[in-house]
Amino acid sequence: MLKRTLALAAGIALSVSALAAQAADVLKVSAIPDEAPTELQRKFKPLGAYLEKELGMPVQFVPVSDYAAVVEGIAADRVDLAWLGGFTFVQTRLKTGNAIPLVQREQDEKFTSKFISADANVKSLQDLKGKTFAFGSVSSTSGSLMPRYFMQKDGIVPEQFFSRVAFSGAHDATVAWVQAGKVDAGVLNASVWDKLVAAGKVDTAKVHVFATTPTYYDYNWTVRGTLDPALTAKIKAAFLALDPANPEHKAILDLQAASRFIETQPENYAGIEEAARAAGLLK
């Protein structure tokens with residue numbers, strides 16, 4: 001009887017500790033810093049309020065200094081939900097083995113990157129031979145990895161083709177560098193380019209798009225694999241319930257540059273993993 005009682009007590013303790021590991025009193029949300037911190041906070045505020053209402057729990061945004069910090073945050077269970085680029089998701093999935101991509105914007109199924117220049121004579125990448133060029137962050141899918149991958153498929157090795165290759169750290173910074181003449185050209189994700197143009201934050205009489213990459217899968221919202229499955233399901237349902245016909249929801253979607261959110265899965269990012277391995281960014 002004593003053995004059975006001890007075994008029962010041990011089982012209860014194990015269940016409680018497993019529950020504690022999965023539970024989240026506050027949903028901690030982060031995002032790769034692909035734009036200025038103030039912009040990330042602005043974009044997240046109404047989404048955070050919506051999630052609090054839908055989930056019935058506090059939601060806290062956790063800013064990070066670089067892409068790697070988001071990966072580490074999920075791996076260490078310090079971040080529950082994160083906005084990741086395709087490459088950052090691949091890194092997170094490989095590091096944790098169980099991170100779950102929940103949803104992506106409809107346009108993330110067919111995402112592209114834009115090559116831009118303030119030099120009117122630049123009409124193709126070939127016109128940039130021996131000139132200066134900027135990527136975004138080294139870990140950015142749309143600002144570095146996929147543009148590099150497509151360039152290499154066309155026989156262009158950036159470090160050999162350009163006189164100097166620089167990394168601006170973020171998409172909006174790349175536009176600022178090109179517009180200011182700090183570099184001859186650069187590349188950034190199509191969504192941020194469209195947003196900056198719509199907001200009048202780029203002089204399109206000066207800076208122009210001269211090339212666009214083929215399509216690829218990119219951003220998604222990912223949860224740590226150790227999160228309570230019931231909460232994970234509620235988070236996914238909340239994103240999928242965002243309806244552009246609802247004005248309040250449309251305001252949230254517009255800030256996320258999303259027409260709507262759709263389900264996604266790990267297999268969608270196999271092409272990005274292949275590109276990262278080809279670029280020597282994964283061992």
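A residue is buried when its relative accessible area is under 20%, exposed when over 50%, and partly exposed in between (1.4 Å probe, protein chains only). Helices (H or I, at least four residues) and strands (E, at least two) are DSSP runs numbered from the N terminus.

The model is predicted: local features need pLDDT of at least 70, side-chain atom pairs count only at pLDDT 80 or more, and totals for chains, interfaces and linings use all residues. Residues are numbered from 1 along each chain as its sequence is written, and side-chain values use heavy atoms, with hydrogens and water left out.

**Exercise 1.** State what share of the protein's residues is buried and how many helices and strands the protein has.

Solution. Step 1: the protein has 283 residues, and 47% of them count as buried. Step 2: the DSSP runs give 11 helices and 11 strands.

**Exercise 2.** Identify the buried residues of helix α10 and explain why they lie on the same side.

Solution. Step 1: α10 covers residues 247–255, and its buried residues are H249, I252, L253 and L255. Step 2: these residues share a side of α10 because they cover an arc of only 165° around the axis, the arc being that of the directions from the helix axis to the C-beta atoms. Step 3: the buried residues of α10 pack against α2 (37–55) and β11 (261–263), where contact means heavy atoms within 4.5 Å.

**Exercise 3.** Describe the two ends of α10.

Solution. Step 1: at the start of α10, the backbone nitrogen of E248 has a side-chain oxygen of N246 within 2.9 Å. Step 2: just after α10, A257 has a positive phi of about 55°.

Terms used
A polar contact is a pair of N or O atoms within 3.5 Å; within protein, one must be able to donate a hydrogen and the other to accept it, and residues adjacent in sequence count only if both atoms are side-chain atoms.
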